[in-house]
Amino acid sequence: MSDQTAYDDPIPLEDAHETRGPDDAGMMTHLFYAFNTVVTLQAYDEPTRCAAAFDAARAECRTFERRLSRTLPHSDIARLNAAAGRAVAVHPDTAELLQEALRYCADSEGRFDITMGTAVRLWNFHEGTIPHRTDLDEALAHVDWRMIDVWSENGEAREGTRAREGGPATSARRLSEQRWFARIRDPKAAVDLGGIAKGWIADRLAELMSAHGLSSFIVNLGGNVMAHGSKPDGSPWRIGLQDPRRKDGIVGAVAVRDASAVTSGVYERCFERGGRVYHHILDPATGFPVRTDAAGATVVARRSIDAEGYSTTLVALGIERGVAFARSHPAILGAYFVDESGAVTEA
């Protein structure tokens, strides 16, 4: 399929964007809407250089959204989900992200599963809707990340593993030189990359902004933060740890330089019913919210995809097991758990 076909799908607020600054410290800020969230780019540099990088990053986001969105009808992911078990040709970027996502599914022993979307969509956390058990059971019968195959035209297959921990699934040049295909062997299953794509995209945007000559900048995709370099005075960027009791509160902060910080929290989407809180981090075994003593977990990693890929798993594991998991994974530079009282535990 020609990638141009996907460009016909309209994106909400596609033409809306705003640039501010420079402020008194010399920081430029650019805001726009993508991936169902507000994207914020901030950089210290000459305004015209910042503006060129911001425009290029925004254009790249439009391409990624049209390629990876579950809801845009001509995207690779929408076509894959509609293929009823048949193989579809996908862009090398999509193949790379699927490979990466499957690795996190394997590493989490299925606690993170990119085929959970059919079960997740039975819940309505805005209206407080709890799905029927029979509907959940039907959806869970089609949840299994191991049903996804990704391979190249020369027969090289990838099923959620990589040769080197923390390294790329394969080189960008090698990916771009091949045609890639994907298939979901269960015709009723579906893929949703919403829990991992922003990390991958943040890494790509950081590469792009560096290529434009920026050395001190922040990429923030709705709370998924990649910090490059340091502030003009040499100090690191500081990322707040969310207070689960107050939307506008923090319980601490972590220093980040040339790294990403991503937080997952049960407070992000939840409702209370009958004295019990139901949150959006679901257990693939039951379809119901995982039982955990971690209200939130923030992961710091060199790559934003590692930070995002592991953050949900740490919440699902809970504090004690999550600390052990974080310490056993070299890609995790730091992990910070916040319980419902606001107390912080560092791995």
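Which residue in β2 is the bridge partner of Glu 18? I will come to that in a moment, but please keep in mind that this is a predicted model, in which local features need pLDDT of at least 70 and side-chain atom pairs count only at pLDDT 80 or more, while totals for chains, interfaces and linings use all residues. Residues are numbered from 1 along each chain as its sequence is written, and side-chain values use heavy atoms, with hydrogens and water left out.

Let me begin with the chain as a whole, which has nine helices and 17 strands; helices here are DSSP runs of H or I with at least four residues, strands are runs of E with at least two, and both are numbered from the N terminus. The radius of gyration is 20 Å, close to the 20 Å that the globule rule gives for 347 residues, so the chain is as compact as a globular protein of that length. That radius is taken over C-alpha atoms, and the rule is 2.2 Å times the number of residues to the power 0.38. Buried residues make up 54% of the 347, where buried means under 20% relative accessible area, exposed means over 50%, and partly exposed lies in between, with a 1.4 Å probe and protein chains only.

Now to the sheet, which is open and has nine strands in the order β1-β2-β3-β8-β9-β12-β15-β16-β17, with antiparallel pairing; two strands pair if DSSP finds at least two bridges between them. β1 (17–20) and β17 (344–346) stand at the edges with a single partner strand each, so one side of each is left without a neighbour in the sheet. Between β1 and β2 (residues 27–34) there are four bridges, and here is the reply to my opening question: the partner of Glu 18 is Leu 31.

Further along, β12 is joined to β9 by three bridges and to β15 by six. Met 226 stands opposite Ser 260 in β12, and Ala 261 has Val 300 in β15 as its bridge partner.

Helix α8 (residues 304–317) lies across β9, β12 (259–265), β15 (296–301) and β16 (332–338), and runs at about 155 degrees to β15. For such angles, axes are lines fitted to C-alpha atoms, for helices over the stretch in contact, and the values run from 0 to 180 degrees between N-to-C directions; contact means heavy atoms within 4.5 Å.

Finally, the charged side chains. Side chains of opposite charge can pair when their charged atoms come close. A search of the whole structure finds 19 salt bridges, each being a side-chain nitrogen of Lys or Arg within 4 Å of a carboxyl oxygen of Asp or Glu. In one of them, Arg 183 meets Asp 149 at 3.0 Å, N to O; Arg 183 lies in strand β7 and Asp 149 in strand β5 (residues 148–152), so the pair ties together parts that are 34 residues apart in sequence. Asp 149 is buried at 6% relative accessibility, whereas Arg 183 is partly exposed at 27%. Asp 149 also meets Arg 185, at 2.5 Å, N to O.
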